[in-house]
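Work through the exercises below with the sequence and the model open. Each task is followed by a solution in steps.

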Amino acid sequence: NGFALGGGNELAMACHARLARKGLRMFAGQPEVNLGIIPGAGGTQRLPRWIGLEPAARMMRTGKPISSAEALKLGLIDGEVEGDLLSEAAALARKAARGEVELKKIPTGPLPDVPDELPSVDLGHLSKAIDAILCRAILEGARGTLRDGIELEAKLFAQCCRTEDMRIGMENFLKNGPRVKAGFVHR
């Protein structure tokens with residue numbers, strides 16, 4: 001019922017259905033790279049399984065959010081709602097409970113056709129060290145089961161916490177807020 005950023009989007013992706021208010025220009029994203037970390041609550045594993053490897057990797061690696069319309073187009077949400085979002089969500093849940101509609105289930109096995117590496121993206125000011133950890137989480141996780149990928153993500157999140165860039169990103173966020181870019185050193 002508003003933004004789904006970082007952990008909020010990760011929580012939503014753990015559900016069988018997601019709806020959004022229609023017309024949100026900024027709706028969902030994984031902005032963790034701006035802090036010098038990777039998603040740590042299943043985002044590196046669930047986002048590729050919901051919307052595909054390349055669009056998910058682009059979202060996570062750049063930290064740029066998408067609109068509700070794009071989220072619908074990519075398959076991250078099941079619909080945009082113009083009226084009362086909570087009433088529509090409850091109606092969808094009742095229909096699913098009665099067997100009138102079948103909700104999608106996230107693929108739990110390995111993804112098909114996982115490339116050796118991800119297409120390049122413009123990282124701008126973002127940490128190359130964190131990007132390397134993130135790419136590893138996305139690619140290695142996609143080659144295994146969802147469960148194994150989530151375990152890998154946790155280990156790689158801990159690896160981020162040992163980087164200089166994580167400390168820089170967190171300090172910058174706490175001191176300057178989300179609009180000031182961190183001066184990452186790529187270590």
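The model is predicted, so local features need pLDDT of at least 70 and side-chain atom pairs count only at pLDDT 80 or more, while totals for chains, interfaces and linings use all residues. Residues are numbered from 1 along each chain as its sequence is written, and side-chain values use heavy atoms, with hydrogens and water left out.

**Exercise 1.** Describe the largest pocket and its lining.

Step 1. A pocket is an open set of points on a 1 Å grid over the protein atoms alone, where a 1.4 Å probe fits, with protein on both sides within 12 Å along at least five of seven lines; lining residues have an atom within 4 Å of a point. The volume is the space filled by probe spheres set on the points, which are joined across faces, edges and corners. For the largest pocket it is about 670 Å³.

Step 2. The lining has 28 residues, and P31, N34, T62, G63 and P178 lie nearest the centre.

Step 3. Helices are DSSP runs (H or I, at least four residues), numbered from the N terminus. Helix 8 (residues 164-176) gives the most to this lining, with three residues.

Step 4. Sort the lining by class: Ala, Val, Leu, Ile, Met, Phe, Trp, Tyr, Cys and Pro are nonpolar, Asp, Glu, Lys and Arg charged, and the others, Gly among them, polar. The lining of the largest pocket has eleven nonpolar, twelve polar and five charged residues.

**Exercise 2.** Is helix 2 mostly covered or mostly open?

Step 1. Buried means under 20% relative accessible area (1.4 Å probe, protein chains only). By this cut-off, nine of the nine residues of helix 2 (residues 43-51) are buried, so the helix is mostly covered.

Step 2. The buried residues of helix 2 include R46, R49 and W50. They pack against helix 1, helix 3 (53-62), helix 4 (68-74), helix 6 (128-142) and helix 7 (146-160).

**Exercise 3.** How do the axes of helix 6 and helix 7 cross?

Step 1. Axes are lines fitted to C-alpha atoms over the stretch in contact, with angles from 0 to 180 degrees between N-to-C directions. The two axes come within 9 Å and cross at roughly 170 degrees.

Step 2. Angles over 145 degrees count as roughly antiparallel. Helix 6 and helix 7 are therefore roughly antiparallel to each other.

Step 3. Contact means heavy atoms within 4.5 Å. I130, I133, R136, A137, E140 and G141 in helix 6 meet G149, L152, L156, Q159 and C160 in helix 7. By class, this contact has six nonpolar, three polar and two charged residues.

Note on methods:
Helices (H or I, at least four residues) and strands (E, at least two) are DSSP runs, numbered from the N terminus. Buried means under 20% relative accessible area, exposed over 50%, partly exposed in between (1.4 Å probe, protein chains only). Angles under 35 degrees count as roughly parallel, over 145 as roughly antiparallel, 65 to 115 as roughly perpendicular and the rest as oblique.
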